[in-house]
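Reader: I have a model open on my screen and would like to talk it through with you. Could you take my questions one at a time?

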Amino acid sequence: MPALKLHDTLTRTDRETTPLDGKTLRFYCCGPTVYGPAHIGNFRTFVAQDVMRRVVEASGTPTLHVRNITDVDDKTIRDSQKAGQSLLDFTQGWTQKFHTDCAALNLLPPHIEPSAVAHIPQQVTMIEKLIAGDHAYAAADGSVYFRVSSYKDYGKLSHLEDRELRLGASVAASATDSDEYTKDSLTDFALWKARKPEDGENFWPSPWGEGRPGWHLECSAMILEYLGEDFDLHSGGVDLIFPHHENEIAQSCCSTHGHFAHHWMHVAHLMVDGGKMSKSIGNLYTLEDLAKRGYSAVEVRYVLISGHYRAPLNFTMHSLDSARQALQKLAKADKALSTISPSLPDGKAAGPFAEAWETLLNDLNVPGATGAIFGVLNKLKPTTLSVEEATAARNGLHFMLKALGLTLPALADEAATDVPADIQALAQQRWDAKQAKDWAAADTLRKQLEAAGWLIKDNKEGFTVVAK
Ligand code: AMP
Ligand code: ZN
């Protein structure tokens, strides 16, 4: 089977994802910082990486997936102290929540999930190598910094070819980092942070005194441990390209003889009202928020993959309603095919969905692939198919669903699916107004729906619409 072609941030070309060792695609994803629930913006990135893995595996190549847990940094320390918990108890609680959400979103668990705290010695060893090679230096306070001027390729991934631009961007980034001090140059970044009173009990011994590793270092150290000096692919959200991934490359290439990642996949942001969904802005939704509004995790997954992963995607409640309709349509098609071909589908080949599969192999074009799936389903007349044809179609549909990580919902009863789309949308608007405590708007919309012959019944999770 042909391999997935994926855009590479470094070379700006679409390249085949063929494994360096000819067997297994070995890849690393920067994982979550566990100091609260991940929001659906974070999950856009994790879901896109999951689709990438599923497509590679469906094309016949096994994978080795490594994703870290960031369980020590300024935010985890600060919030564990606020919660009155040890750093370990606090981060383990949020790691568990992360795993529950991942399972609900049908994300394949990584094969290895190392944590930063469990790899302090590996990080210390990497710093020692960097100091020995004159790529890093200890400051008077016991912090250690990477000397950016010692690495000539710094900035290549983010295409900051112009030296001045590079420095300017670095300065801007470091200006916002309160932990950066006593450095030779503003562009240098911390590998080891000397212990401060605010760190409480969270410090480790090192040749430079007590402290903790800088955030960028953990990924480089854990990649070396589990994937070696050269590996196939590295991924994260676009916000990680600079400085995080630039810093990872610098640390790794200056402390080993390898080339680090051979392919870079970056996922564009999930947006709300034109801005990035982020915890610091506070414009975020979690799976729990959306479950309260009556939306399932698979509906959220459908929305998250509905735009191409390299284009920003604007999140709206309406997109969740469209996802629900699309999933119902897929479930209905599967049910219709099952009346002719009732045996369990094997999902081994794309069959009549070959075009959808090829579209997916072309830089994970999910919207193109789902369009092609519906194109086939719209033309398909299950009652006219032979058992063989229906079986091939059903197998193909399940092959595509597996590659996209979608599970089919139970079919809504006919009464519920008979609610016209405009009425459903109006009812959703009323619910949104109610959630926003805009009682006047919610009342007006309820009256409008009643006048059209529909009643709304609210419950804890959301609402249902019934004919008057
Ligand atoms: P964090 O827990 O902040 O380290 O982020 C985990 C992952 O989520 C990283 O790969 C980020 O780049 C990614 N991420 C953060 N915000 C968004 C967003 N709004 N849309 C897509 N990915 C995001
Ligand atoms: Zn990383």
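Predicted model: local features only at pLDDT ≥ 70, side-chain atom pairs only at ≥ 80, totals over all residues.

Reader: Which residues come nearest to ligand 1, of the 17 around it?

Author: The shell around ligand 1 holds 17 residues. By class, six of these are nonpolar, nine polar and two charged. Those that come nearest are Gly41, Thr45, Asp239, Leu270 and Met277.

Reader: Which residue has a polar side-chain atom 2.4 Å from an oxygen atom of ligand 1?

Author: Let's go through the polar atoms around the ligand. Gly237 places a backbone N or O atom 3.0 Å from a ligand oxygen, and a polar backbone atom of Leu270 is 2.8 Å from a ligand nitrogen. The side-chain atom 2.4 Å from an oxygen of ligand 1 belongs to Asp239.

Reader: How much of the accessible area of ligand 1 does the protein cover?

Author: Beyond the contact of Asp239 with ligand 1 at 2.4 Å, we can look at the ligand's surface. On its own, ligand 1 has 500 Å² of accessible area. The share of this that the protein covers is 90%.

Reader: Which element gives the largest share of the shell around ligand 1?

Author: The shell draws at least three residues from each of domain 1 (5–267) and domain 2 (270–409). Helix H1 (40–58) and strand E10 (233–237) each supply at least two shell residues. The largest share, four residues, comes from H1.

Reader: Is strand E10 largely enclosed or open, and how many of its residues are buried?

Author: E10 pairs with strand E3 (residues 25–29) through three bridges, and four bridges join E10 to strand E12 (residues 264–267). E10 is largely enclosed by the rest of the structure, because its buried residues number five of the five.

Reader: Do E10 and E12 run parallel or antiparallel, and which residue of E12 is the bridge partner of Gly236?

Author: In general, strands of a sheet pair through backbone hydrogen bonds, in either of two directions. E10 and E12 run parallel, and E3 and E10 also run parallel. In E12, the partner of Gly236 is His266.

Reader: Which strands are at the edges of the open sheet of three strands?

Author: This sheet has the order E14-E13-E15, with mixed pairing. An edge strand pairs on one side only.

Reader: What is the bridge partner of Val272 in E14?

Author: Strand E13 (residues 270–272) is joined to E14 by two bridges. These two strands run antiparallel. The partner of Val272 in E14 is Gly275.

Reader: Is Asn283 buried or exposed?

Author: Asn283 lies in the loop between E14 and helix H8 (287–292). A polar atom of its side chain lies 3.1 Å from the backbone oxygen of Lys276, and the backbone nitrogen of Ser278 is 3.0 Å from a polar atom of the Asn283 side chain. The cut-off for buried is under 20% relative accessible area. With a relative accessibility of 19%, Asn283 counts as buried.

Reader: What is the relative accessibility of Asp289?

Author: Asp289 is found in helix H8. A polar atom of the Asp289 side chain lies 2.8 Å from the backbone nitrogen of Thr286. The C-alpha atoms of Asp289 and His39 are separated by 9.6 Å, although these residues are 250 apart along the chain. Asp289 counts as partly exposed, with a relative accessibility of 27%.

Reader: Which side chain makes a polar contact of 3.4 Å with that of Asp199?

Author: Asp199 is in the loop between strand E7 (189–194) and strand E8 (211–213). Its relative accessible area is 3%, so Asp199 is buried. The side chain that joins it in the 3.4 Å contact is that of Arg212.

Reader: And what about Lys335: is it buried or exposed?

Author: Lys335 belongs to helix H10 (residues 317–340). Its C-alpha atom is 15 Å from that of Val376, a residue 41 positions away along the chain. The cut-off for exposed is over 50%. At 51% relative accessibility, Lys335 is exposed.

How values were computed
Residues numbered from 1 in each chain as written. Chains lettered and ligands numbered in written order. Heavy atoms only, no water. Near = heavy atom within 4 Å. Polar contact = N/O pair within 3.5 Å; in protein donor to acceptor, adjacent residues only side chain to side chain. Areas by Shrake-Rupley, 256 points an atom, 1.4 Å probe, with all protein chains shown as cover. Nonpolar A, V, L, I, M, F, W, Y, C, P; charged D, E, K, R; others polar. Domains from an automatic or database assignment. Pairing = 2+ DSSP bridges. Buried < 20%, exposed > 50% of the residue type's maximum accessible area, 1.4 Å probe, protein only.
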